[in-house]
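This report covers a predicted model. It takes up a strand pairing and its sheet, then the contacts with a DNA strand.

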Number of protein chains: 2
Amino acid sequence: MTLRVALVDDEPLIRRGLAAVVGSEPDMAVVGEAGDGTGVLDLVGRTSPDVVLMDVRMPRVDGIAATRALVRAGSAARVLVLTTFANDDHVFEALAAGADGFLLKRSSPEEVLHGIRTVARGESLLFPDAVRELARRHARSTGSTGDPGLDRLTPREQEVLRLMAAGLSNAEMADRLVVGVETVRSHVAAVLAKTGARDRTQAVVLAYRSGFMPV
Amino acid sequence: MTLRVALVDDEPLIRRGLAAVVGSEPDMAVVGEAGDGTGVLDLVGRTSPDVVLMDVRMPRVDGIAATRALVRAGSAARVLVLTTFANDDHVFEALAAGADGFLLKRSSPEEVLHGIRTVARGESLLFPDAVRELARRHARSTGSTGDPGLDRLTPREQEVLRLMAAGLSNAEMADRLVVGVETVRSHVAAVLAKTGARDRTQAVVLAYRSGFMPV
DNA sequence: CCGCTGCTCCCCCGCGCGGGGGATCCGCCT
DNA sequence: AGGCGGATCCCCCGCGCGGGGGAGCAGCGG
């Protein structure tokens with residue numbers, strides 16, 4: 001009985017690499033591929049894979065949403081999520097969405113194959129680092145403020161954070177937004193209060209680390 | 001006459017994908033692979049490739065430094081740099097280092113092959129977006145300072161920048177580094193002077209945008 | 001109608017930060 | 001021997017920033 005694998009990644013090179021790795025195994029076969037999450041539900045329905053290798057970051061419909069859709073549809077396919085960093089925010093969202101495991105993109109072919117077999121057996125695959133991070137966040141959220149909560153910022157506050165993360169001073173932001181400096185100061189204060197950052201530097205760090213700002 | 005190609009990328013999957021793409025062409029052959037820039041000079045010397053596909057972001061020695069080393073050594077190999085974003089800072093550094101062209105990581109296999117043939121013919125390969133960005137920066141730099149120059153920072157200054165980009169205050173950094181606050185202030189001032197940043201926030205922005213800090 | 005939220009602007013105050021100086025010690029290279 | 005860059009510590013000074021208040025106005029929903 002061969003293991004049926006579907007590949008969902010927007011980078012053709014990664015798909016080729018995965019296909020080469022999976023295809024080199026006698027008991028595995030690539031039964032379908034997709035470049036984003038839009039047609040995943042359909043793809044899985046047509047090809048009934050045992051394991052779906054799913055990239056988190058994709059245009060249009062990302063891996064998180066696609067995973068959620070699969071789980072809601074009652075699919076039997078196991079989802080192995082591909083991510084760049086082990087402590088990425090996406091990891092935890094994907095966990096909540098119903099992913100069965102994670103693979104770092106810089107994984108070796110052996111690790112990829114091991115990951116596929118692991119989730120195919122019904123086990124879950126997690127990184128020690130990621131689990132530790134999860135525990136850390138849980139402990140922090142039960143006690144105090146909670147998550148960064150960048151989405152709890154109002155549109156204006158998000159705009160201000162974006163400008164802050166571009167390196168602008170309060171005066172420059174006021175100029176850009178055509179408002180008074182006092183107004184900017186209020187927004188900055190709100191951003192700091194909501195994010196728990198002590199100063200603008202920490203807020204900027206948060207903006208980049210959380211993926212709020214593109215790198 | 002077959003085109004000899006060498007692959008330098010720290011992600012095994014990307015290497016596999018490129019190898020599959022290149023290997024599928026009858027007139028191309030992968031003659032060597034490396035996981036970082038440390039052994040590139042040696043690799044090129046041994047395998048004498050026509051084209052080197054080089055990732056910009058790698059541990060230890062990155063693609064920029066490796067490209068610079070190749071050019072300085074008078075190698076005849078053409079360098080095709082792999083990058084994630086077309087307007088990445090690395091693109092311009094790589095240009096200055098002597099790269100012959102750029103490929104986006106999300107390129108299709110056809111684009112990869114076309115890129116290899118293009119640089120092999122001695123032409124250069126650039127993205128319209130990248131060229132426009134280059135023109136924009138040139139216009140801006142002729143008036144002011146120039147490049148970020150994060151690699152011109154001393155080890156201690158780099159350490160300080162890393163801590164700054166983690167959100168630490170001067171006092172916290174002094175505590176962490178077991179030195180006086182005045183010392184930290186000196187290092188911070190040096191970082192700002194060398195990078196052209198106006199304040200610590202801009203330095204942190206630079207650290208993330210340039211890839212100096214992992215996201 | 002009233003309350004809530006978001007956006008706008010204002011005051012005072014303390015402190016961390018950044019600019020501009022200088023000084024000492026060490027190790028390396030010439 | 002002398003020079004030089006790196007790391008360490010010190011001074012004064014001005015200003016932007018952040019904390020803690022308050023207030024008016026629009027829109028939206030109970």
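## Strand pairing and the sheet

A:D55 has A:L82 in β4(A) as its bridge partner. Strand β3 (residues 51–55) of chain A runs parallel to strand β4 (residues 78–83) of chain A, and five bridges join the two. Helix α1 (residues 12–23) of chain A packs on the sheet, where it touches β1 (3–8), β2, β3 and β4 of chain A. The direction of this helix makes about 160 degrees with that of β2(A).

The open sheet of chain A is formed by five strands with parallel pairing, in the order β2-β1-β3-β4-β5. Because β2 (28–34) and β5 (101–104) of chain A stand at the edges with a single partner strand each, one side of each has no neighbour in the sheet. From one strand to the next, the twist averages 25 degrees.

## Surface near DNA strand C

There are 17 residues around DNA strand C, of which A:T154, A:G180, A:T183, B:R185 and B:R200 come nearest. Of the DNA strand C atoms within 4 Å of the protein, 64% belong to sugar and phosphate. By residue type, this surface divides into six charged, seven polar and four nonpolar residues.

## Phosphate contacts

Phosphate oxygens of DNA strand C lie 2.4 Å from a polar side-chain atom of A:T154 and 2.4 Å from a backbone N or O atom of A:G180. For B:R200, a polar backbone atom is 2.7 Å from a phosphate oxygen of DNA strand C.

Two or more residues of the surface near DNA strand C come from each of α7 (155–164) and α9 (181–195) of chain A and α9 (181–195) of chain B. α9(A) gives the largest share, four residues.

Conventions:
Residues numbered from 1 in each chain as written. Chains lettered and ligands numbered in written order. Predicted model: local features only at pLDDT ≥ 70, side-chain atom pairs only at ≥ 80, totals over all residues. Heavy atoms only, no water. Pairing = 2+ DSSP bridges. Axes fitted to C-alpha atoms, helices over the stretch in contact; angles between N-to-C directions. Contact = heavy atoms within 4.5 Å. Near = heavy atom within 4 Å. Polar contact = N/O pair within 3.5 Å; in protein donor to acceptor, adjacent residues only side chain to side chain. Nonpolar A, V, L, I, M, F, W, Y, C, P; charged D, E, K, R; others polar.
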